[in-house]
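Please open the model in your viewer and keep the selection panel at hand. The stops below proceed from the overall fold to particular selections.

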Amino acid sequence: MSSEKRNKDLLVGAVIGSVLGAVTALLFAPKSGRELRADLKEGYHQVSEKTQQIAGDVADKSKRIVSAVSEKAQAAAESIGRTTSEVAGKAKQAAVQVSQEVKSWRSAKTESGKDDVASAEASIAATTAEREEH
């Protein structure tokens, strides 16, 4: 941006310098009023045309810059979207995997708990049977 500002400042300075130089040259030239007015009018038209040309160039450059920035921003947004989708997919897969592991662990724990309960019931039944025999 600073180089663009320097270019703009240089351009403005060149236009102002050209106008002042032309006006100064015309005012100090030994000419009649009619010739001086004609020269001033011609200088005005030249400066006006040059200003319009420069404004057109600046507009074209601005459009190109806006287009380039827009393309880069769109590409960045697409890249971010893809990356976000990938990360979300990986997070979802990890969540599913953890859920399956927890269910598997619970299932194993429940089955071993049933075995523990069955073992405890068998032990109690055996102890009860022994007491009844004695």
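Helices (H or I, at least four residues) and strands (E, at least two) are DSSP runs, numbered from the N terminus. Select L40 to begin: L40 belongs to helix α2. This is a predicted model, in which local features need pLDDT of at least 70, side-chain atom pairs count only at pLDDT 80 or more, and totals for chains, interfaces and linings use all residues. Residues are numbered from 1 along each chain as its sequence is written, and side-chain values use heavy atoms, with hydrogens and water left out.

Next, display the whole protein, which has two helices and zero strands. Of its 134 residues, 3% are buried (under 20% relative accessible area; exposed is over 50%, partly exposed in between; 1.4 Å probe, protein chains only).

Now select the largest pocket by its lining: E4, K5, N7, K8, L11, I54, D57, V58, K61, S62, I65 and V66. The elements giving two or more residues to this lining are α1 (2-28) and α2 (33-133), and α2 gives the most, with seven residues. A pocket is, on a 1 Å grid over the protein atoms alone, an open set of points where a 1.4 Å probe fits, with protein on both sides within 12 Å along at least five of seven lines; lining residues have an atom within 4 Å of a point. The largest pocket holds about 400 Å³ of space, a volume being the space filled by probe spheres set on the points, which are joined across faces, edges and corners.

Finally, return to L40, which is partly exposed, with a relative accessible area of 33%.
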